[in-house]
Amino acid sequence: MFLDTIMYMKKDAGIILPIFSLPSKYGIGSFSKEAYEFVDFLNESKMHIWQILPLTVTSFGNSPYQSPSNYGLNYNFIDLETLIKKGLLKEYEVNSINRGEDESRVDYGAIFNNKLKVLRLAYSRFDKNNCGFKEFLTKETNFSDFSVFMVLKEHNALKAWYEWKDEEKNYSLEVDNKVKNEFKDEYNFYMWTQFEALEEYLSLKKYANSKGVKIMGDLPIYVAFDSLEVWKYPELFQLDENHYPTRVAGCPPDCFSEDGQLWGNPLYNWEYLKSTDYKWWNDRINNALNLYDLLRIDHFRGFSGYYSIPFKDKTARFGKWVKGPGFDLFKDKLDLPIVAEDLGFIDDDFKELMKLTNYPGMKTLSHGLKHTEIDNILRPRNYTYNFYSYSSTHDNETTLQYIEELNEIKKANFIKVAKEECEYFNIPFKTNPTNKDLVKVVNTLNFANEARCAIFLFQDLIPVGKEGRINSPATLSNLNWSYRISKKVFLDHKEEIIKFLKENAIKYGRN
């Protein structure tokens, strides 16, 4: 019993870095040798968790949280050097494609215009009688749905499904069979992208696990309106007779946005889902846990109550809160390795859901240091075991950017609170700290607190400022989802980062 308690109370640490942010000479991070080198870096640093963002295909806006399919893996993550080794591509063919000029940003336009072309070339040389692929074609229903959807998108000039030809905008077995028979080669091409991406990802995951590193995936709560799911399963969503949303998702106005956030995702028809014992959601979670060792569920508060906005509204001002399925959806999932994203507005219903599931929640440490009250639950000294603490997240400023943008009064307050927390944890604190000194303080406090796992935004370990921000919510910008580490930056900081992480992981029992 005592040993079980020790095992349960084990503390961990890890790093959040999207696949697309990995160093790469091909314009976007992939399941490449650089990914394996990053695993080695995590292992050497005594980091046991690699948190990534959704692996799904992206579309307009490049957000992995607005994907045309919940299941379709992002074929842009297929490693071109692996395809060269397999004899499917030649080096000169890969080197000749335009992949963007900026090593610090993904050029999604260049990737969109060129990656599929070179993948089609690789597929043309692929042995279609490959036994594994032939079995994949018959077994993988979800990837099959994705491939049908993508073929139809291409045949409709990449328009949203609700702008397709009348005979195709509503799913039917007839349309499904037409794609698989009349456009067989195109359908099989998309199936091959899924076969290859899955094989490469699972090889990477197997390697990571062999090095003591777990992959933490991410599950968006919502799907995009222009998605396979809304097209094929309209009954799952709050839609009218023409399959247009009646209400959509978002967040209410707050101190950050007077109009709130209008995400535009269709809301779920929870009454229907309950009548099926939540089969679609159960399948979705189980599929994700087959891919990942741990699963973060985004916007978890949307299950206790969700913000519902009229479809045609231009802002989120006139939405309303509606009760969600709550614990009923999760009552048979209590032992699953799920982390609940519980940042933002929290009410009593949500607190009750978190209590009943007992899933670990999240704390953002850099933002927690603005609170002057000693007993504030967002200050590191008050973190309890059932949380994952973050230096910052993919939706926030990097810690350096956050500090740099504080006004004089707020920065003085930040320094005062940071010093108090350092005194509490017996951490040295410089008399006149620079901004980078303060980032190091945040990272050290992330190690020292009692949360079960400390996650570091990779950019906070270099550290970098606003150029390292991954996403600014509720904005459309080429800067969103495009941050990349250059090989040089990674190598220049690698040893210093390893030393800091390793020493503190050992010191604070997270090794």
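Biologist: Where is Thr-58 found?
Modeller: Thr-58 is found in the loop between strand 2 (49-51) and helix 3 (80-85); helices (H or I, at least four residues) and strands (E, at least two) are DSSP runs, numbered from the N terminus. This is a predicted model, in which local features need pLDDT of at least 70 and side-chain atom pairs count only at pLDDT 80 or more, whereas totals for chains, interfaces and linings use all residues. Residues are numbered from 1 along each chain as its sequence is written, and side-chain values use heavy atoms, with hydrogens and water left out.

Biologist: Why is Thr-58 called buried?
Modeller: The relative accessible area of Thr-58 is 19%. Buried means under 20%, exposed over 50% and partly exposed in between (1.4 Å probe, protein chains only). Thr-58 therefore counts as buried.

Biologist: With which residues is Thr-58 in contact, leaving aside its neighbours within four places in sequence?
Modeller: They are Ser-63, Pro-64, Pro-68 and Asn-74, where contact means heavy atoms within 4.5 Å.

Biologist: Which residues line the largest cavity?
Modeller: Thr-58 is one of them, together with Phe-20, Ile-28, Pro-54, Thr-56, Asn-62, Pro-64, Asn-74, Phe-77 and Tyr-108. A cavity is a set of points, on a 1 Å grid over the protein atoms alone, where a 1.4 Å probe fits but cannot get out; a pocket is an open set with protein on both sides within 12 Å along at least five of seven lines; lining residues have an atom within 4 Å of a point. The largest cavity holds about 60 Å³ of space, the volume being that filled by probe spheres set on points joined across faces, edges and corners. Its lining divides into six nonpolar, four polar and no charged residues. Here Ala, Val, Leu, Ile, Met, Phe, Trp, Tyr, Cys and Pro count as nonpolar, Asp, Glu, Lys and Arg as charged, and the others, Gly among them, as polar.

Biologist: Which residues are closest to the centre of the second largest pocket?
Modeller: Of the 22 residues lining that pocket, these are Leu-294, Pro-337, Pro-360, Tyr-388 and Arg-452. The second largest pocket holds about 500 Å³ of space, and its lining has 14 nonpolar, three polar and five charged residues.

Biologist: Why do the buried residues of helix 9 line one face of the helix?
Modeller: The buried residues of helix 9 (residues 173-182) are Val-175, Asp-176 and Val-179. Seen down the helix axis, they fall within an arc of 105° and so line one face; the arc is that of the directions from the axis to the C-beta atoms. On the other side of helix 9, Leu-173, Glu-174, Asn-181 and Glu-182 are exposed. The buried residues of helix 9 pack against helix 7 (141-155), helix 8 (166-169), helix 10 (184-210) and helix 11 (228-232).

Biologist: Why does Ala-157 count as exposed?
Modeller: Ala-157 has a relative accessibility of 58%, so it counts as exposed. Ala-157 lies in the loop between helix 7 and helix 8, and its phi is near 55°, a positive value in a residue other than glycine.

Biologist: What is the relative accessible area of His-299?
Modeller: The value for His-299 is 9%, so this residue is buried. His-299 also has a positive phi, of about 50°, although it is not a glycine.

Biologist: To how many disulfides does the count come by this rule?
Modeller: A disulfide is a pair of cysteine sulfur atoms within 2.5 Å, and the count comes to zero. Cys-251 is buried at 17% relative accessibility, and Cys-453 is buried at 1%.
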